[in-house]
Amino acid sequence: MRNTYLWLAQLVTGVLIAVLLSIHMVLMHLDAILSFLGVDIKDPTSWHSMIERSRETLWAGLYIALLAIVLYHALNGLRNIILELAPSAATERIITWTIIVFGTIAFVWGTYVPIRLLSG
Amino acid sequence: MDKQVVFKVQRYEPEADGNPHFQEFKIPAKRGMTILDGLIYIKENLDGTLAFRSSCRMAICGSCGMLINNYPHLACHTQIEELRSDIVTVKPLPNLPIVKDLVVDLIPFFNRHKSIKPYIIHPDTKEMENPTAEFVQSPQALEALLQFTYCVKCGICISACPTSASDRLFLGPQALAQCYRYCADTRDGGEEERLTVVDKDHGIWHCHLAGACSEACPKGLDPALAIQLLKRRLIIQAIGLGRKKQPASIVTPPAEVKPKIPFPEFTAKRTE
Amino acid sequence: MTQIQPRRNYLGALGWIWAGNYKLERYLYIFHRITGLGILLFLLLHLVMTTVFRVQGKEVWEATMEVLHNPWFKVGEYLVVVAFLYHALNGLRLIIQELGFALGRPRPPIYPYKDSLRRKRYWTILIISIVVILCVVFFYDFIAGGW
């Protein structure tokens, strides 16, 4: 059942990303329309608003969770695409381990920075 | 209606060790003439060395699957007229090895079909070996799998599937759909055996619902639907929601005692 | 006599894109794959941008933002938004249909044949239209000068 669990996780993370990343997209990109609707958000990419957000635990936690989910969804999808190119069994193992190591490094680095900024 | 149609046929001679090349033939197309008729005309009158596989000429045997004007179909099921073009390209089915000209090697395809155990597995082995009566199956239960039994194993879904295009080890839409056909059978008890075959690397989870198999199927089957329903079974089993299926019991022989009421019963009683 | 091996005839990765004259879903599949890979590429750039340049303080961050206000980056960003919208909505359709919902039951094949995906094509068309509408909404916002 290993492959079924892996793909089920792909589906579940897909739904979670659709929800979380929609919030992210609307806040980051739709500021003109949101201010038209009466929700006034400051320029989300300015240093000031960015550092304000990164001091809140809720935002940091949300972004770390999103990072983990997105990395799983993206790297599992990439692995599946590469496996469809029918590599040999040895290459398959190398690809899998490279992707696991890369994902772990990206997650650790992407978690370390917001946690450091939380206090600073 | 008698017009000249150019057949561009892909030729490949394994002994010559060359690359596949196209050869053109001019054919007088009559009304109602199929691609297969055209190929037979070529073999009889123009070039006897052309190799293709065909048998029944009526879309039942599934031998003459070909890539006709870049769409996989049975040559006997496609009329020259319906293509609405004067040039007809005929190529062997992609994603299957070419033996000669238009003949493809279906042995790996059949092996994958065999790997999913395409037969009824019933726990009652004594009854399976020496049957005494039929297994019970309601018409509604038959409807759920009947359309998948019409598969003629022509290999067209394999050539339509994008995953089969690159992944040599992928089971393919045909085998996966047949797996669903046997798992959905109420008489069958071998679901777990089959799901372990299907649920592995290069197994069912490399189907991404491109839908080309269902679109191209010359018999109107729906392998894409069958694969999605099989995925549902796998996921239900993975999260532990499924109830254990009871294999069908055999039909009880009719009692020989006379009914008390002389009026005959037309409706079968359900035994719970 | 030598044994002659059958000639391999796999379409390879090109077969993902085109293997014959198919209708809608086959191309939605390859767009899903392309947008997924594109978003993955963006994700890596985005990770570098929001970590490496962020920890270095205000000046570096604002210099980075200055670069990213370049119109070409905005075009690229809009393409990422389009890719995300398509990947998300088509992905939700795939999740629902891969779980066996919204496909109907197996039916007897009666000519002219119509498979379940074609029978439910109005849902697919609806989802594609929602993607197009949302793309227009986000395009308006990019034109309006918001970031």
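Me: How many other C-beta atoms lie within 10 Å of Ala86(A), the partly exposed residue?

Reply: A residue is buried with 20 or more other C-beta atoms within 10 Å of its own, exposed with 12 or fewer, and partly exposed in between, with C-beta atoms placed from the backbone. Ala86(A) counts as partly exposed because the number of other C-beta atoms within 10 Å is 17.

Me: Before we go on, what kind of model is this, and how are things numbered?

Reply: Residues are numbered from 1 along each chain as its sequence is written, while chains are lettered from A and ligands numbered from 1 in the order in which they are written. Local features need pLDDT of at least 70, side-chain atom pairs count only at pLDDT 80 or more, and totals for chains, interfaces and linings use all residues, as this is a predicted model.

Me: Where is Ala86(A), and what is its phi near?

Reply: Ala86(A) sits in the loop between H4 and H5 of chain A. Helices (H or I, at least four residues) and strands (E, at least two) are DSSP runs, numbered from the N terminus. The residue is not a glycine, yet its phi is positive, near 55°.

Me: Which element of chain A has the highest mean pLDDT?

Reply: pLDDT is the predictor's confidence in each residue, from 0 to 100. Chain A has a mean of 87, with 93% of its residues at 70 or more. Helix H2 (residues 31–36) of chain A has the lowest mean among the elements, 70, and the highest, 93, belongs to helix H4 (residues 57–83) of chain A.

Me: What covers the buried residues of H4(A)?

Reply: H4(A) has 27 residues and reaches 39 Å from its first C-alpha to its last, close to the 39 Å expected at 1.5 Å a residue (the expected span is 1.5 Å times one less than the number of residues). Its buried residues include Val70(A), Leu71(A) and His73(A). The cover includes H1 and helix H5 (89–119) of chain A together with H2 of chain C.

Me: Which helix gives the largest share of the side of chain A that touches chain B?

Reply: Contact here is C-beta atoms, placed from the backbone, within 7 Å. The contact takes eleven residues from chain A and 14 residues from chain B. Helix H1 (2–29) and H4 of chain A each supply at least two residues of the chain A side, and the largest share, five residues, comes from H1(A).

Me: And how many residues of chain B are in contact with chain C?

Reply: Helix H2 (24–51) and helix H4 (71–98) of chain C are among the elements giving two or more residues to the chain C side. In all, 34 residues of chain C are in contact with chain B, and the number on the chain B side is 44.

Me: How far apart are the end C-alpha atoms of H11(B)?

Reply: H11(B) has 16 residues, so at 1.5 Å a residue it should span 22 Å. The end C-alpha atoms agree with that, lying 22 Å apart.

Me: What gives the most to the side of domain 1 of chain B that touches domain 2 of chain B?

Reply: The bounds, from an automatic or database domain assignment, are domain 1 (3–104) and domain 2 (107–238). Their C-alpha centres lie 30 Å apart, and 15 residues of domain 1 are in contact with 13 residues of domain 2. E3 and strand E4 (71–74) of chain B each give two or more residues to the domain 1 side, and the most, three residues, comes from E4(B).

Me: Is Asn95(B) buried or exposed?

Reply: Asn95(B) is in the loop between strand E5 (87–91) and strand E6 (98–100) of chain B. Phi is positive there, about 70°, although Asn95(B) is not a glycine. Because Asn95(B) has 29 C-beta neighbours inside 10 Å, it counts as buried.

Me: Which residues does the cis peptide bond join?

Reply: Pro112(C) lies in the loop between H4 and H5 of chain C. With omega about -5°, the cis bond joins Tyr111(C) and Pro112(C).

Key
Two residues are in contact if their C-beta atoms, placed from the backbone, lie within 7 Å.
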